[in-house]
Amino acid sequence: ANLLDLIEERSRIRFKKFPTKNWEESVALLKSGKVDILTETTDSELRSDFLFTHSIFPNPIIVIMQEGSPYVHSLRQIKTKKIAIIEGYGYTSKIKEKYPNHDFYEVENIQEGLKGVSEGKYDVMLATMALGSYAIKQMQLSNMRVVGRTEFKTQIGFAVNREYAPLVRILNKIIQS
């Protein structure tokens, strides 16, 4: 949302934002044509149906645990932990595929996962740096902190409905600026 605000400041484009409760709802709105643009990873499976902007920024997948937890250098260190991961996100399947013996619990959204870690239901939350750090602040979870990075990262861009192809060029110019 903050990025869209910045794009609005630098252009004449105005966005109407639609908050959703989970990723599946966001994708369904895009696919149904009820929304025309979605923040998404540039390697998304949606590439076959939608146009994509250039990457806005790299977004590493981080390890979030309760305050006082040791630094995590590798996902191998947390093999015996209960790990919350957001259902349907592109990196989720890649992580689960590489670490099939880890104890993953798919959650509906970042809020559910962070709340679960905060309350002790899960030991770990994996999320992107942008989403994880933002949600910790928004939820005012003073007992949570980033304790490491994984080897996984995403590149964030925008998926755009093909009807608005000229918007991709405009957004790319703004991203480059």
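K98 counts as partly exposed, at 46% relative accessibility. On this scale, buried means under 20% relative accessible area, exposed means over 50%, and partly exposed lies in between (1.4 Å probe, protein chains only). K98 forms a salt bridge with E151, with the closest N and O atoms 3.0 Å apart. K98 lies in helix α3 and E151 in strand β7, so this pair ties together parts that are 53 residues apart in sequence. E151 is partly exposed too, at 43% relative accessibility.

A word on what you are looking at: this is a predicted model, in which local features need pLDDT of at least 70 and side-chain atom pairs count only at pLDDT 80 or more, while totals for chains, interfaces and linings use all residues. Residues are numbered from 1 along each chain as its sequence is written, and side-chain values use heavy atoms, with hydrogens and water left out.

**Salt bridges**

How many salt bridges does a search of the whole structure find? The search finds 4, where a salt bridge is a side-chain nitrogen of Lys or Arg within 4 Å of a carboxyl oxygen of Asp or Glu. K96 and E106 form one of them, with 2.7 Å from N to O. K96 lies in helix α3 (residues 90–98) and E106 in strand β5 (residues 103–107), so the pair ties together parts that are 10 residues apart in sequence. Helices (H or I, at least four residues) and strands (E, at least two) are DSSP runs, numbered from the N terminus. K96 is partly exposed, with a relative accessible area of 31%, and E106 is partly exposed at 36%. K115 and E119 also form a salt bridge, their closest N and O atoms being 4.0 Å apart. Here K115 is partly exposed at 46% relative accessibility, whereas E119 is exposed at 59%.

The table puts these pairs side by side.

| Lysine | Glutamate | N to O distance |
|---|---|---|
| K96 | E106 | 2.7 Å |
| K98 | E151 | 3.0 Å |
| K115 | E119 | 4.0 Å |

**Strand pairing**

Two strands pair if DSSP finds at least two bridges between them. Strand β1 (residues 37–41) pairs with β7 (residues 144–160) in the antiparallel sense over 5 bridges, and I37 has V160 as its bridge partner in β7. Strand β2 (residues 51–52) runs antiparallel to β7 and is joined to β7 by 2 bridges. In that pairing, L51 has V160 as its bridge partner. Strand β3 (residues 57–66) is also antiparallel to β7, with 9 bridges between them. The bridge partner of I62 in β7 is R149.

In what sense do β4 and β5 pair, parallel or antiparallel? They pair in the parallel sense, over 5 bridges, and I85 stands opposite E106 in β5. Why is strand β4 (residues 82–86) described as largely enclosed by the rest of the structure? The reason is that 4 of its 5 residues are buried.

**A negative patch**

E24, E87, E108 and E112 form a negative surface patch. Patches are made of residues with over 30% relative accessible area and no salt bridge; like charges are joined within 9 Å, and nonpolar side chains (Val, Leu, Ile, Met, Phe, Trp, Tyr) within 5 Å. Lys and Arg count as positive and Asp and Glu as negative, leaving out His and the chain ends. For Glu, the place of the charge is taken as CD. Accessible areas come from the Shrake-Rupley method with a 1.4 Å probe. E24 is located in helix α2 (residues 23–32) and counts as partly exposed, at 35% relative accessibility.

**Individual residues worth a click**

N59 is buried, with a relative accessible area of 4%. N59 and A130 are 71 residues apart in sequence and 6.6 Å apart in space, C-alpha to C-alpha.

R76 sits in the loop between β3 and β4 and is exposed, with a relative accessible area of 59%. From R76 to Y99 the C-alpha distance is 8.2 Å, and the two are 23 residues apart in sequence.

Finally, look at Q140, which has a positive phi of about 55° although it is not a glycine. Q140 is found in the loop between α5 (129–138) and β7. Q140 is exposed, with a relative accessible area of 69%.
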